[in-house]
Amino acid sequence: MIKLENVSKIYDENIKALQDISLEFKEGELVILKGVSGSGKSTILSLIAGLSKPTIGEVIVDGKKISKLPDHFAASYRRDNIGIVFQKYNLIPELTVEENVLLPLFPLNLKREIMKEKAARVLEKFTIAHKTGVMVRNLSGGEQQRVAIARANINDPKIILADEPTANLDEKLSREFIAILRELKSKKRTIVVSTHDPLFFELDFVDRVINLEHGKLL
Amino acid sequence: MSKINFYLLEYAFSYIVRHKSKNIFIVTVFTLLVALLSSLFFVTSSVTHDLKERIAYKSDIFIQNYKAGMPAAINTKLLDRLLEIEGVTGGKVEVKGDYYFRAKDSNFYLYGVDAFEDQEDPLIAKLLQKYDLDDSEMLVSDNVQKIMSQAYYKEYFNFIKPDGSLQKVNIKDSFDVGERVELKNLVLLSKDTLRKIFGYRADEGSDITLSVANKNELEFISSKIRLMLPNAKVISKDELEQSYEKLFDYDNGVFLSLFIIAIFTFFIIIYDKANGLSSEEKREIGILKAIGWCVEDVLHAKFYEAALLSFFSFTLGFMIAFVYVFVLKAPLLGAIFTHENMLNIHDFTLGVHIDFSYILLIFLLSVPVYIAATLIPSWRVATLDADEVMR
């Protein structure tokens, strides 16, 4: 369970990204955060991921106040619990598909066989295994998206956060991504998607749509 | 950071390759810096070692007679007077000097020996133990033998005396001077024969050398001799050492080197800082944090990156310097550092004598500084909120 309790986020120069927001996301729920640019959608994802801390309020995940976690624990919290799919994929173009997917595990210094096995499993799952040794910069947008999803799932995280995941995809690829989301939801993952893509609002497996405007809930 | 994480090491290596144009620039500057400074220190160590060896075989006090400001023969009777000076334990009249062989445009260093005299120089002492020289014979270095044979003097050599007549001396044998390159043109022959060649009388020599029991009294005894012999040039071993040091200007060399190291290292740092971390680099750190790396992991990878780059550059620079100085014999640099107008670099062996304390100094002033300059901006970025990647 994810809880945001009276959360405000104020950036430098007094930019109020979020104002006194309280939200709950239940386990296995798929929630869409809807709103125009600057409405605070990405800030909510970043707070849940522990990438930034709220100016006021608390972010609680499974009873842990993650906004209070020191860097080292916040990093392992992210690695073990969170998978993020970014709008711009945020892959490293000069690394291979396999290296990009395994990047979250590098600091763990696991045995090479274990790493290979994990990568093979996740690349197979997201149908990108045939590109294992290819540099990411040589992939199409859709393929890069699948690599980003594979990377987000390398550790079987409980929570998937997707930030404008279809912003750079055509409709066909967007529907492919939605199919992946459906599969992840069927596996009881908690999924929070920030988007203003209308494709998401007509989906039957979406549990809730939360509207945001100027950092406030509508 | 106790256990090597090969994944982070591979990531660091790939990072260097991915930013190759910037890193090639840094490696080039870094390597040049290390190569230049190591070369300076290699030349310094080697020449210093060489000079110390040369001085080691010199007498404590060297006296040369002057007439009208010109070097002149010295009377052997003076030796008895000099030996009476308190503190002087021994001495001898030397007969030696350069002989110019015009046909081959070469100088031979003729040194008169006497079978009954002790020799300070181990090479000469060893040769005299092996060979008995009579007045018609000489021993020549391999180099001299080569020069003489080029002029068809294979069995003997005709020295031209001051009156224009010839002094024929047979070549008894030749010898290898090894690393003692300063003796490469040495010719050993009897003092009496050499007196004839230089036109000295039987009671004359080229100089007198003295040994002194207490080295602390060298200066005092030298000044006594100067008073006694106002026309003589008196040089103590200490003064010789000082004049060599002045010639080489050892301290200034070290200072210059440190100055250069500072300039170059700061150039790298300034380059890095002026560029800071590019938005692409900042974004990459943000991505790494977003996917579960902590600040320590980021710094760990950055440490590997800086260490790989700086160790590689340092090693490459060191190797280039080694080859440049000890294999190629330091063209240009060696001549500058040994004041070519006064000492000829070809007189130095540039043997492998490395003062590792200076190499350590170069290492400490370059590698850790570069690593720090890489880690600090990365640490600054890594400790900031990584939510920029979400925007």
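Predicted model: local features only at pLDDT ≥ 70, side-chain atom pairs only at ≥ 80, totals over all residues.
Residues are numbered from 1 along each chain as its sequence is written, while chains are lettered from A and ligands numbered from 1 in the order in which they are written.

Reader: How many helices and strands does the secondary structure of chain B come to?

Author: Helices (H or I, at least four residues) and strands (E, at least two) are DSSP runs, numbered from the N terminus. Counted in this way, chain B has 13 helices and 13 strands.

Reader: In what order do the six strands of the open sheet in chain B stand?

Author: Two strands pair if DSSP finds at least two bridges between them. The pairing in this open sheet is mixed, and the order in chain B is E5-E6-E10-E7-E9-E8.

Reader: Which strands of chain B stand at the edges of the sheet?

Author: An edge strand here has a single partner strand, so one side of it is left without a neighbour in the sheet. The strands in this position in chain B are E5 (96-101) and E8 (156-160).

Reader: Which residue in E10(B) is the bridge partner of Tyr111(B)?

Author: Strand E6 (residues 106-113) and strand E10 (residues 186-190) of chain B run parallel and are joined by five bridges. Within E10(B), the partner of Tyr111(B) is Leu188(B).

Reader: What angle does the direction of helix H5 of chain B make with that of E7(B)?

Author: Two residues are in contact if their C-beta atoms, placed from the backbone, lie within 7 Å. Helix H5 (residues 142-150) of chain B packs on the sheet, and the strands that it touches include E7 (137-141) and E9 (166-175). Axes are lines fitted to C-alpha atoms, for helices over the stretch in contact, and angles run from 0 to 180 degrees between N-to-C directions. The direction of H5 makes with that of E7(B) an angle of about 105°.

Reader: Are H1(B) and H11(B) parallel or oblique to each other?

Author: Angles under 35 degrees count as roughly parallel, over 145 as roughly antiparallel, 65 to 115 as roughly perpendicular and the rest as oblique. H1(B) and H11(B) pack at an angle of about 60°, with their axes 8 Å apart. The two helices are therefore oblique.

Reader: How many nonpolar residues has the contact of H1(B) with H11(B)?

Author: Among the residues that make this contact are Leu8(B) of H1(B) and Leu308(B) of H11(B). Ala, Val, Leu, Ile, Met, Phe, Trp, Tyr, Cys and Pro count as nonpolar, Asp, Glu, Lys and Arg as charged, and the others, Gly among them, as polar. By class, the contact has one polar residue, one charged residue and, as nonpolar residues, 11.

Reader: Which element gives the most to the side of chain B that touches chain A?

Author: The contact takes 24 residues from chain B and 24 residues from chain A. The elements that give two or more residues to this side of chain B are helix H1 (6-18), helix H10 (279-290) and helix H11 (295-327). With five residues, the element that gives the most is H1(B).

Reader: Is Lys68(A) buried or exposed?

Author: Lys68(A) lies in the loop between strand E5 (64-65) and helix H2 (71-81) of chain A. A residue is buried if 20 or more other C-beta atoms lie within 10 Å of its own, exposed if 12 or fewer, and partly exposed in between, with C-beta atoms placed from the backbone. Because Lys68(A) has 12 other C-beta atoms within 10 Å, this residue is exposed.
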